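Work through the exercises below with the sequence and the model open. Try each task before reading its solution.

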Amino acid sequence: MHDDSATTGERLATWLEGLGLGDHLADAGLPTFERDLGGVVRWRDPGTGMPLSAEQLTDLDRVLHQDGEDPAHAVPLALVQLRRRARVRAALLASPAHTYASLAAVRGATENATRFAVHKAAERHALLVVPHDGGVLVPAFQLTDAGELRPELGAILEPLLAAGTDPWQVWSWLTQPAGLLGGDVPHELARDADEVDVVRHAAVRLAERAGA
């Protein structure tokens, strides 16, 4: 990089590092950067792997600062959303969830039989199954001690899953405080027979938004 592009590249990298967004560039399909042993920033094109030209860095600068009324203080909203999504997923993955093998152990069944039963339940929109790392996870919050779906959650999961709502979003919504429920956690509130219809109504509204 010549001096001007080196300055732009350093400024962008420092800014993104300060916002905690540097690790989310690749997920957004944007150029990425790394620092060499001397701390010098090297930006690379995501398609070719080649160093960015001065013109490409100028374009990247414009794209990252296009949100907001004041470009000098704009924040790349797409990257902020990706960071939030990554943090939410990390929290979800740290919570109890089953693989086919662990669920089979809880149910006292074979892994093959459990896999078949999970697939069938998922097809009926009767079980939340989340794709992860080439396999699936079955979040444990929705299950009884015997590994079966909690009865009160069936009517809540069905509209969400039937609408094609992203499974990660369903997992997140059901296990975190929900604005539609005054800050209560949906799956916990559903344990109250007097509140389960309220939770289902909120789930239907969320499903309508997801399918819009």
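**Exercise 1.** Is D133 buried or exposed?

Basis: this is a predicted model, in which local features need pLDDT of at least 70 and side-chain atom pairs count only at pLDDT 80 or more, while totals for chains, interfaces and linings use all residues. Residues are numbered from 1 along each chain as its sequence is written, and side-chain values use heavy atoms, with hydrogens and water left out.

Solution. 
- Step 1. Set the classes: buried is under 20% relative accessible area, exposed is over 50%, and partly exposed is in between (1.4 Å probe, protein chains only).
- Step 2. The relative accessible area of D133 is 73%, so D133 is exposed.
- Step 3. Helices (H or I, at least four residues) and strands (E, at least two) are DSSP runs, numbered from the N terminus.
- Step 4. Check the backbone: D133 is not a glycine, yet its phi is positive, about 50°.

**Exercise 2.** Where is H125 placed?

Solution. 
- Step 1. H125 sits in the loop between α5 (111-123) and β4 (130-132).
- Step 2. H125, also not a glycine, has a positive phi of about 60°.
- Step 3. H125 counts as partly exposed because its relative accessibility is 27%.

**Exercise 3.** Which residues is R150 in contact with, leaving aside its neighbours within four places in sequence?

Solution. 
- Step 1. Locate R150 in the loop between β5 and α6 (154-162).
- Step 2. R150 has 3% relative accessibility and therefore counts as buried.
- Step 3. With contact meaning heavy atoms within 4.5 Å, the list is F141, Q142, L143, T144, H187 and R191.
- Step 4. For H187, the backbone oxygen lies 2.7 Å from a polar atom of the R150 side chain.

Definitions and conventions
A polar contact is a pair of N or O atoms within 3.5 Å; within protein, one must be able to donate a hydrogen and the other to accept it, and residues adjacent in sequence count only if both atoms are side-chain atoms.
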